[in-house]
Amino acid sequence: MADDRPRTPGTFSFRIGPFPVTVEPFFWLVAALMGWSFKSTPLVLVIWVAVVFASILVHELGHAVAAKAFGVQSSIRLYSFGGLTIPEARLSRVGELVMALAGPFAGFFVAGVVAVFQLLVPVQSGAGGVAVVFLRDVNFIWGLFNLLPVLPLDGGHVLLSALGPKRQRTALLIGGIFGAAVAVGAGVLQGGARIGVSPLYLALLFGMLAFQNLRAWWMLGRLPPPGAKQVTASEALQTGWDHLRQGDEAAGYRVGEAVLDGSPDPEERNRARDLLAWVAMARGEYREALKQLERSEPPDAARALTWAMVLDSLGEPGQAAPHALRAVEVEPSDTAAALAARVLAAARRIPEALTLVDRFGWSKPAAKESAFGEIAFAQGGFRDAARRYAAAFELGGAAGDAFNTACSHARAGNRSDALAWIERALKAGFDDLGQLRSDPDLATLQGDPELERLIASVPKA
């Protein structure tokens, strides 16, 4: 089954033992830009990029192996600003501490091996000498920077694990102070000794991290004081979803933004972006929903179902299909299966759509009939689609199924049946009167006095 995650052109994947690894194209670009500051030959730049790739991969493998030791499988992603190891489940507090330390110490081990190699086999010049120096310095110096107590660096996670979740603000404050100190120090180093990365890059990186830590520290300070009822990010997001289901998009948006601003946890921030994407879809702002997904940390961590819904809404069924299929796999539901059937049918992948609908374990028979209706409609079998949608309506009473039955009859040229089903849809609660006048599937009914009478009969809100 196809991967559900968005694949930028140039992305490639492979496995190292049990660990899947994905490398995004911007990883190479940023690594090259970092090495460009050395103002050396193209060969040195190529060696630098190769060393950065190998070193970050070793670092992330350290995290992944440590998580595996605690019984949790992980995947690895190399993207523009480095690497990310994504465990499939939360580890214990001790497990998270060990996992955080394992990455830098894997690099220290490589640096140590290289240093011993230099003692035994001196390499003074040429490409080999350059590679050895880069390997030693990148793994050692970057490892040290990664151990600074600044979230989301490994040292920040070590500090947070050591202090415990009740002292999250303390960890964020320490991280903000350290990040600001490193940013200022890196600025002072402009034109100074080379430390394996451009001082300007360090100043920008740690300045951004300092800002993020201090902003999260300030936002958490606005939560209720000790003794008052504490609200976790999960509870807040659940409230946001409740607002959205009740039609209050503005309240749902405020909750999503509050969690996004106040949480340093990438997983919680991604869940907030998922909520904001659905708020945007509810408002018909599909491009904004897409932007929310693309800002996930990293983008491939966004929810498969949401990707599929957004791309389907943007009229891209071919791109939506792999996401929808993955959604059926990771969070099976009638909603995911119906969406997958629709986008597969729209992408002219009819046999796959029929197989999915036939084999999926539907919780509601009406949903299965409606999915078959989607496929028949996509094939141009409008009479069969009308029959399927009508059966779905009789089973579940959903106004949308009645409306789709009307559209199918209209496309089949059955004017009287189409009008009768529009009336049933309105009685069942269908309230998008604008769609009745503009839907291209009802083009043969536009201007029909009976349609206008039905629309006029709907009580004004």
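Tutor: Contact means heavy atoms within 4.5 Å. This is a predicted model, in which local features need pLDDT of at least 70 and side-chain atom pairs count only at pLDDT 80 or more, while totals for chains, interfaces and linings use all residues. Residues are numbered from 1 along each chain as its sequence is written, and side-chain values use heavy atoms, leaving out hydrogens and water.

Student: Which residues does asparagine 270 touch?

Tutor: Leaving aside residues up to four places away in sequence, asparagine 270 touches Ser296, Glu297 and Ala301.

Student: Why does asparagine 270 count as buried?

Tutor: Buried means under 20% relative accessible area (exposed is over 50%, partly exposed in between; 1.4 Å probe, protein chains only). Asparagine 270 has 11% relative accessibility, so it counts as buried.

Student: What makes α14 and α16 roughly parallel?

Tutor: Angles under 35 degrees count as roughly parallel, over 145 as roughly antiparallel, 65 to 115 as roughly perpendicular and the rest as oblique. The axes of α14 (residues 334–346) and α16 (residues 365–379) cross at roughly 10° and come within 8 Å. The two helices are therefore roughly parallel to each other.

Student: Which residues of α14 make the contact?

Tutor: Asp334, Ala341, Arg342, Ala345 and Ala346 do, against Ala367, Ala371, Glu374, Ile375 and Ala378 of α16.

Student: How do you know that β3 pairs with β4?

Tutor: Two strands pair if DSSP finds at least two bridges between them. Strand β3 (residues 74–79) has 6 bridges to β4 (residues 82–87), and the two run antiparallel. Isoleucine 76 stands opposite threonine 85 in β4.

Technical notes: Axes fitted to C-alpha atoms, helices over the stretch in contact; angles between N-to-C directions. Helix = DSSP H or I, 4+ residues; strand = E, 2+ residues; numbered from the N terminus.
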